[in-house]
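Hi,

Here is the structure I said I would pass on.

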Amino acid sequence: MITINIAQQSLSFKGNSYLISSAKNGVGEQEGSFCTPIGAFKIADKIGTDLQVSAVLVGRVPTGEIYTAELGRQCPDRDWILTRILWLEGLESHNKNTKARYIYIHGTPDEEPMGVVGSKGCIRMHNKDMVALFDVVQVGEKVVIIKQ
């Protein structure tokens, strides 16, 4: 099981621990809140197998772009989803809308700080960490997101 701790801004799986960045707006499940949901989930889909590190995805589809700092400067307001996506599906009544909210664990530009809040609801990870996690989890893997 993947454990995500919002207070510690960390993700743990099979003895490995990674710094993450969850929602700047805190935790919550309301549509349009830009909050990170909490509770029990599963990995509904794995997207991006074999994509190049820093490949840009929009709508879960690779754009053909590879993120660079220059591209980031050209598009400063873009919410960068890079490298791989683990799409979360809520398993409890309060978080059933998670998949429809497009909440993912995904890669982000490596210059983005980890260990602090900053996302629009998703769980962000540095790209090398995202690849490492992606390669060892399966669709259906259980995920728990806790506030503590």
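For the residue classes below, Ala, Val, Leu, Ile, Met, Phe, Trp, Tyr, Cys and Pro count as nonpolar, Asp, Glu, Lys and Arg as charged, and the others, Gly among them, as polar. On that basis, the second largest pocket is lined by 6 nonpolar, 5 polar and 8 charged residues. Do keep in mind that this is a predicted model.

That pocket holds about 270 Å³ of space. It has 19 lining residues, with R78, D79, G118, K120 and R124 closest to its centre.

The largest pocket comes to about 360 Å³. Its lining has 17 residues, and D79, R101, Y102, K120 and C122 sit nearest the centre. By class, that lining splits into 8 nonpolar, 4 polar and 5 charged residues.

Now the inside. The largest nonpolar core has 22 residues, and I2, I4, L11, I105 and L133 touch the most other members. Several elements give at least two residues each, including strand 1 (2-5), strand 4 (39-47) and strand 7 (82-90). Helix 2 supplies the largest share, 3 residues. Beyond its neighbours within four places in sequence, I2 has contacts that include L11, F13, I43, L133 and V144. There is also a second, separate core of 9 residues, with L51, L57, I85 and W87 among them.

Cheers

How values were computed: Residues numbered from 1 in each chain as written. Predicted model: local features only at pLDDT ≥ 70, side-chain atom pairs only at ≥ 80, totals over all residues. Heavy atoms only, no water. 1 Å grid on protein atoms, 1.4 Å probe; cavity = no way out; pocket = protein on both sides within 12 Å on 5 of 7 lines; lining within 4 Å. Points joined across faces, edges and corners; volume = space filled by probe spheres on them. Core = buried A, V, L, I, M, F, W, Y, C linked by side-chain atoms within 4.5 Å. Buried < 20%, exposed > 50% of the residue type's maximum accessible area, 1.4 Å probe, protein only. Helix = DSSP H or I, 4+ residues; strand = E, 2+ residues; numbered from the N terminus. Contact = heavy atoms within 4.5 Å.
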